[in-house]
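Dear colleague,

I am handing over the structure below, together with some notes on its side-chain contacts. Please read them beside the model.

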Amino acid sequence: MNVRKKKISIVIPCFNEAESIQVTIDRLTLLKKEINDYDLELLFIDDGSTDNTVNIIDSNINKNGIKLVCFSRNFGHQIAVSAGIDLADGDAVVLIDADLQDPPEVIIEMIKIWNSGYDVIYGQRKERAGESYFKLLTAKYFYKSLNYLSNTAIPHDTGDFRLMDKKVIEVLRSMPEKDRFLRGMISWVGFNQIAIEYNRQPRFAGESKYPLRKMIKFALDGILSFSTKPLKISVGIGLICASISLLGILYAILMRVLTNNWVEGWTALMIAVLFIGGVQLVSVGILGEYIGRIYNEIKARPLYIIKNKNGFENENK
């Protein structure tokens, strides 16, 4: 009697990775040979690449277990990962980027820990080679700020590189929010989670797909998706400003009644007006960010649009 091998789906989001994608495929294919006790599928999600990424993956489709999903346009990294989670059918799912900064060989250790009873094994970066001081500093304070503001504890120095059991995947599939911060969502679902430390490598080739603008948006998604504390903070600042303003009003009245200097003080008045106006604009901006996310949710558009799939011919998907 043949015993069914456990299946592990490795999800690899791609966007303009033509310079490194073949090496990524080769290393993951080699990994399949090393983990021959498991049935591994390699699920590539192309997020609207404009270079030769799709053609290179297509040329490898005949290799057993390689599948490709192509979006109709670029939807973003977190959406591409979410599509992989939706389409993977393994007993466990591994998320890994195509730039080889996260060594595929760490997956072997993740599988061992998964078999010991853990549901989520997330990679925690011990060293981050090839990253600038600015990026390291901003990442450090991002996680500190996020954990201060959020009600969900999110491990520091982590990315999306992790292994998740099927029961965790099923919960994630039931979470339809549009502004996705997956590492926070995975922390939120709970279950037995543990870190595995590793040294992150420099990019094999190409440039980062997360410039400063996207990093800021990603940080906002992380904070606003898991906390209402910014709203509470803006209320607190508003109360402080109101108290200061009340003191200013009392001061103005006393100056008018008790002295002859009631015309003076326009500089202080202008400073107060500008200060309060600035606080109001910041508070309205925070409120607008939350309202914008509500707007995105009620439109109920699909997270992504699939243009075509390859390698699924023998499956009913």
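To begin with a charge and a ring, the charged end of R73 sits over the ring of F75, 3.9 Å from its centre (this requires NZ of Lys or CZ of Arg within 6 Å of the ring centre and within 35 degrees of the ring normal). K6 is placed in this way over the ring of W114, with its charged end 4.8 Å from the centre.

Before going further, please note that this is a predicted model, in which local features need pLDDT of at least 70 and side-chain atom pairs count only at pLDDT 80 or more, while totals for chains, interfaces and linings use all residues. Residues are numbered from 1 along each chain as its sequence is written, and side-chain values use heavy atoms, with hydrogens and water left out.

F75 also takes part in an aromatic pair (ring centres of Phe, Tyr or the six-membered ring of Trp within 6.5 Å; planes under 30 degrees apart are stacked, over 60 edge-to-face, the rest tilted). Its partner is F71, and because the ring centres are 5.4 Å apart and the planes stand at 85 degrees, the pair is edge-to-face. Both F71 and F75 are buried (under 20% relative accessible area with a 1.4 Å probe and protein chains only; exposed is over 50%, and partly exposed lies in between). F71 forms a stacked pair with Y304, at 5.3 Å centre to centre and 10 degrees between the planes. Since F71 lies in strand β3 (residues 66-71) and Y304 in the loop between α10 (266-299) and β8 (306-310), this pair ties together parts that are 233 residues apart in sequence (helices, H or I of at least four residues, and strands, E of at least two, are DSSP runs numbered from the N terminus). F71, F75 and Y304 form one aromatic cluster.

Turning to charged pairs, the structure holds eight salt bridges (a side-chain nitrogen of Lys or Arg within 4 Å of a carboxyl oxygen of Asp or Glu). Among them, E41 pairs with K7, the closest N and O atoms being 3.6 Å apart; E41 lies in strand β2 (residues 39-46) and K7 in strand β1 (residues 7-14), so the bridge ties together parts 34 residues apart in sequence. K7 also meets D89 at 2.9 Å, N to O, and K67 meets E41 at 2.6 Å, N to O. With a relative accessibility of 5%, K67 counts as buried, whereas D89, at 31%, counts as partly exposed. Through shared partners, salt bridges join K7, E41, K67 and D89 into one network.
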